[in-house]
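What follows is a short walk through parts of one structure. Please keep the sequence and the 3D view at hand.

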Amino acid sequence: MVKLIKQGVYYSEGKLVKESQAFKTEEKKQAAIKNTMAYSILKAHNAGDDENYKIRFDAIASHDITYVGIIQTAKASGLESFPIPYTLTNCHNSLCAVGGTINEDDHVFGLSAAKKYGGDYVPAHLAVIHQYVRECAAKCGAMILGSDSHTRYGALGTLAVGEGGPELVKQLLKQTYDVKRPEVIAVQLKGKLRKGVGPQDVALALVKATFPSGFVKNKILEFIGPGIAGLSMDYRIGIDVMTTETTCLSSIWETDEKTQEYFRDHGREDAYKKLSPQEPAYYDGAVTIDLTKIEPMIALPFHPSNAYTIREFLERPEELLKEVEEKGRKILGSDNFTLTNKIKDGKVYVDQGVIAGCAGGGYENIAESAEILRGKSIGTGAFTLSIYPASQPVYKCLTENGYTSVLMETGAAIKTAFCGPCFGAGDTPATGALSIRHTTRNFENREGSKPAQGQLSAVALMDARSIAATAANGGVLTSALDYEYKNRVKKYKFDGKIYENRVYRGAGNPQKDAELVYGPNIADWPEQIALGKHLLMKVVSVLKDPVTTTDELIPSGETSSYRSNPYKLSEFALSRKDPEYVQRAKSVREEEKTRRESGALPESVLKELGGLEVKEGTIYGSVVVSNKPGDGSAREQAASCQRVLGGIANICKEYATKRYFSNLVNWGMIPFTCEKPDFSVGDYLYVEDIAEAISRGETRFVAKVISKDKERSVVLETAPLTKDETEILLAGCLINYNKKKNQ
């Protein structure tokens with residue numbers, strides 16, 4: 001089904017040949033490296049050298065839980081107008097359901113910013129961010145940066161990257177996105193999918209095969225091969241958007257007549273260009289996927305990689321659900337989590353189905369689901385089905401082609417474009433319920449869970465087709481491969497008038513006299529101080545899970561409403577993982593404030609340090625220790641909340657994603673790694689001459705550790721930093737760095 005080739009390969013005449021069997025010279029290899037699609041696109045956007053890329057993007061995009069902070073940061077750094085097209089969408093806090101007026105205040109601010117600085121503004125309920133960018137902004141050969149981890153438009157020939165807000169700030173300030181030349185992995189598709197198998201099934205098989213080993217981490221996936229031709233654009237897009245869950249950096253696909261037709265149907269045929277690798281092309285590894293062998297999949301809680309074919313799952317549901325139960329009980333710290341009770345008479349019953357967002361809300365997913373459900377009923381029991389078309393044009397065509405009526409007659413609820421079910425702001429399942437969803441993620445602490453309060457959502461990922469088959473079968477988990485239906489759907493027709501009549505399009509036309517409109521919750525970023533000559537850190541949280549997601553560092557859901565107010569949002573940091581963290585961090589922040597005001601650390605701190613000599617010029621802050629933090633969302637607040645609370649660094653074995661590493665650096669937090677981060681809450685670490693060492697480009701530092709009056713030494717390291725990253729850390733954060741540059 002999915003095979004990995006963990007060595008270099010050459011691609012020519014439709015075949016992959018392992019490097020060990022190719023007998024190519026080094027000169028030919030270097031030439032072949034430049035024959036990938038990814039290389040040619042990156043080269044066209046690179047202002048650096050061939051190993052150290054400095055990328056300038058063609059456009060950027062944000063949604064309503066990121067754009068306020070981005071614009072506030074850029075404004076504090078001297079922003080006068082948006083230098084490239086910037087799309088502001090409203091698809092996360094669309095419901096304006098939490099916090100009184102503050103969500104709509106953010107929307108009003110966003111429109112005022114689009115007018116003042118010259119951007120495009122998409123009002124709530126019109127489209128989820130990625131669907132709008134696909135329809136209106138993606139171009140073959142272009143690069144787009146988004147402040148959302150699922151920024152993926154590779155199926156449309158666009159190399160797109162999801163990053164934290166500060167990276168978008170850099171683009172707004174005409175700076176660059178700096179990255180070492182990423183490795184490129186070929187994803188060769190062959191064969192043809194069977195009826196009942198959808199894009200999510202392919203995606204989950206890919207995630208299962210690649211995520212556990214980190215095979216494609218921070219690399220670019222390049223989709224090639226004859227199997228592409230048999231996939232519709234909706235299928236390609238549905239697979240592509242899920243590549244984020246492999247932890248790859250980006251993705252790109254070969255383009256063809258179907259791609260051209262997509263752009264033509266959306267009134268943008270000039271955005272099309274034929275893309276394919278030159279031959280021979282060299283790849284740093286490969287994934288081969290036989291589409292013929294792909295089966296409907298289910299990713300059990302609590303990760304998209306915890307995936308099985310539905311057939312495999314139904315052969316041993318008790319065993320697999322018991323494994324999930326054990327993990328859920330560990331998360332909750334109690335036995336109050338049960339899923340094996342979903343098995344009745346050998347069948348597995350689910351309570352909720354959701355088809356939504358940038359992954360599930362496409363036209364073909366919903367239309368084919370309607371064909372499966374035609375003439376059926378989802379029943380009057382506990383099972384519910386919610387469907388969110390990804391944009392109003394998709395919704396309109398579904399309605400005109402009769403699919404909305406078909407679905408409504410079954411008892412399904414059809415709702416507007418909204419990302420909420422994906423991150424815990426909509427359709428949170430009941431305690432003890434099992435939800436199946438065609439969305440992007442099913443992490444613990446994500447879809448509305450509050451483990452500290454005894455609440456834990458159980459979400460499994462599936463393709464829309466099998467969700468519909470399950471709904472048609474009264475909530476009994478069913479593979480669409482085993483369900484009889486007609487899969488011919490009516491052709492999609494895009495109606496751009498919806499956007500013409502409602503979207504504010506001000507790109508390239510700033511109104512500098514326009515005023516920004518602030519609601520009472522919108523606050524400036526608090527001032528951060530520069531890195532001191534020496535560094536004293538206190539461990540305020542130790543996370544021992546193998547991987548720590550951004551949802552655990554700063555929860556999603558209702559907290560997203562406070563992302564325009566750094567202080568209020570910081571109160572939620574690690575709240576579902578370590579409820580005592582915030583108070584511990586605040587205490588360190590107050591102790592550092594005392595040091596700055598009086599010139600000396602409080603006596604209580606000095607007493608705990610024992611005989612350690614704390615030299616003049618020492619800065620003091622808190623540090624979070626973990627194993628592998630940063631998987632998941634691109635949200636900068638996973639780092640900035642720690643910084644607001646006085647954080648100065650992270651220590652871990654490795655970072656799950658480049659975007660979290662970048663977020664730490666941009667907020668002035670040193671991204672340390674340690675081979676054995678065996679620290680305890682309350683430990684102190686002291687690093688002398690840290691600023692000078694970082695400025696010299698050193699990556700290895702010796703720290704003294706004071707733990708319960710005992711002293712030892714450990715080695716802390718950082719990955720090599722660029723010149724700009726070094727200066728950002730020394731300045732204390734990106735805002736300080738830019739202020740210094742503008743003086």
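Gly 599 comes directly after helix α22 and has a positive phi, near 85 degrees. The model is predicted, with local features needing pLDDT of at least 70 and side-chain atom pairs pLDDT 80 or more, while totals for chains, interfaces and linings use all residues. Residues are numbered from 1 along each chain as its sequence is written, and side-chain values use heavy atoms, without hydrogens and water.

Helix α22 covers residues 581–598 and spans 26 Å from first to last C-alpha, close to the expected 26 Å (1.5 Å times one less than the number of residues). Helices here are DSSP runs of H or I with at least four residues, strands are runs of E with at least two, and both are numbered from the N terminus.

Thr 550 lies in helix α20, residues 550–553. Its relative accessibility is 1%, so Thr 550 counts as buried. Beyond neighbours within four places in sequence, Thr 550 is in contact (heavy atoms within 4.5 Å) with residues including Gly 630, Asp 631 and Ala 638.

Turn now to another pair of helices. The axes of α4 (residues 67–76) and α7 (residues 165–172) come within 9 Å and cross at roughly 45 degrees; these axes are lines fitted to C-alpha atoms over the stretch in contact, with angles from 0 to 180 degrees between N-to-C directions. In this contact, Ile 70, Thr 73 and Ala 74 of α4 meet Gly 165, Leu 168, Val 169 and Leu 172 of α7.

How values were computed: Buried means under 20% relative accessible area, exposed over 50%, partly exposed in between (1.4 Å probe, protein chains only).
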